[in-house]
Amino acid sequence: MTAQWNFDQIIDRADTGSMKWEPVVLNAKFGPKSQNLQPLWVADMDFYSPPCVRKAMQERLDHGIYGYTIHDSGYDRAMIDWYRRRHNWEIDPSWIMTSPGVVPAVNYMVQRFSSPGDHVLIQSPVYYPFAASITANGRRVCDNPLVCNNSRYEMDFKDLEKKTQDPRVKLAILCSPHNPVGRVWTREELTAFGDICIGNNVLVIADEIHCDLIMPGHVHTSFAGISQDFAKNSITAVAPSKTFNLAGLSQSSLIIPNPVIRRDMGIFFETLGVGAKGSGTLFGIVAAKAAWQDGEPWLEALIQYLYANFLYLKDRVESKLPGVKVFDLEGTYLPWIDLNPLGLSPENIVDVVEKKAGLALDHGNWFGTNGAGFERINIACPRPMLEKAVTALIGAFKA
Ligand SMILES: Cc1ncc(COP(=O)(O)O)c(C=O)c1O
């Protein structure tokens, strides 16, 4: 908590259509009668968005005319300044397109840059809409599973080299930082990844939606900022939605330095009827601009709060449930917990989490078979809510 922003404040989200809290969604996702589970699953935060965002939206609301809206040069400028200042990445305005979200954008890119039957590479355990975007579009998942060395997930470059040599692999989706294992990939790791993809003619989709949520001691490297070659062989998807809690505003950007790929994407956008530069939403654009211009102090305070939440979680769970591993959180607000050392089956673990602890968490096997027996917990909530959940989790497994 800071004097200025009270992240400890508990805000009632009932009847706001919140996917995370809505009983109907909990019942559908976690089974009948799950409406009372405490939700720490889908990745949005139980905090207010920064005051600068709410003020800008209020002013725009008060204007009273909500006509067709473009992402204007003000949006581009705010975004360019943000990525230069925070990530040392120089984006040219001509590279920017907009999309209603990163997940829709990933689906568009799969459709545009691969053909039915082609293979798309992902690195499990990973954000499950990636696999869904591949299979829903009639492509096949090519998995390059992460490996866990000394309690730290790493990329398996030997396997990556082998898999990308298959000419059917046309695309690789990079999750950077990685949801759910919490890694912030180093420049060296990204360079090795990018070199292998270029060497095998595999186009990289870099999903960097979590790039602002970097915990102390770590630095995010923008994949396309590493070299001109990487810039030319990639499309980066970014959004202010995780950073500033704006997911319901459906606003994201695609950064496409390669003019040929950009032209292809523009033609594809036209087939969707959204204009060659893609589409945004009025309030998404207003909120993003305000957040990038004035949201930095709020973000700094948020990161401190999230990191303190993480340290609390790790300390409590590891000391009370010996053997259980809470992986170090380098980025995101989604710690990854290995409950397998408790000796229960993955099904039993899910059962204890839901039925005994009363928690709605993202179950590890949703992210890939190698996630079985793991749980992903969303710690972007006021400390009292986290304390309640952690106490319930520990109590349930101790029992
Ligand atoms: C890696 C990753 N990509 C994309 C998204 C969602 O993006 P959007 O809401 O813009 O579709 C999430 C949300 O958790 C995510 O973790």
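Modeller: Helices (DSSP runs of H or I, at least four residues) and strands (runs of E, at least two) are numbered from the N terminus. The model is a predicted one, in which local features need pLDDT of at least 70 and side-chain atom pairs count only at pLDDT 80 or more, while totals for chains, interfaces and linings use all residues. Residues are numbered from 1 along each chain as its sequence is written, and side-chain values use heavy atoms, without hydrogens and water.

Helix 4 (residues 102-113) and helix 10 (residues 259-271) have axes that come within 10 Å and cross at roughly 105°. Axes are lines fitted to C-alpha atoms, for helices over the stretch in contact, with angles from 0 to 180 degrees between N-to-C directions. Helix 4 and helix 10 are therefore roughly perpendicular (65 to 115 degrees). In contact (heavy atoms within 4.5 Å) are Y108, M109, Q111, R112 and F113 of helix 4 with I261, D264, M265, F268 and F269 of helix 10.

Now the charged group. K314 forms a salt bridge with E318 at 3.0 Å, N to O (Lys or Arg side-chain nitrogen within 4 Å of an Asp or Glu carboxyl oxygen). E318 and K314 lie four residues apart in helix 12 (residues 296-320), so about one helical turn separates them. D328 also forms a salt bridge with K314, at 3.5 Å, N to O. This pair links distant parts of the chain: D328 sits in the loop between strand 11 (325-326) and strand 12 (336-338), 14 residues from K314. K314 is buried, at 16% relative accessible area (buried is under 20%, exposed over 50%, partly exposed in between, with a 1.4 Å probe and protein chains only). E318, at 26%, is partly exposed, and D328, at 48%, is also partly exposed.

Methods. Angles under 35 degrees count as roughly parallel, over 145 as roughly antiparallel, 65 to 115 as roughly perpendicular and the rest as oblique.
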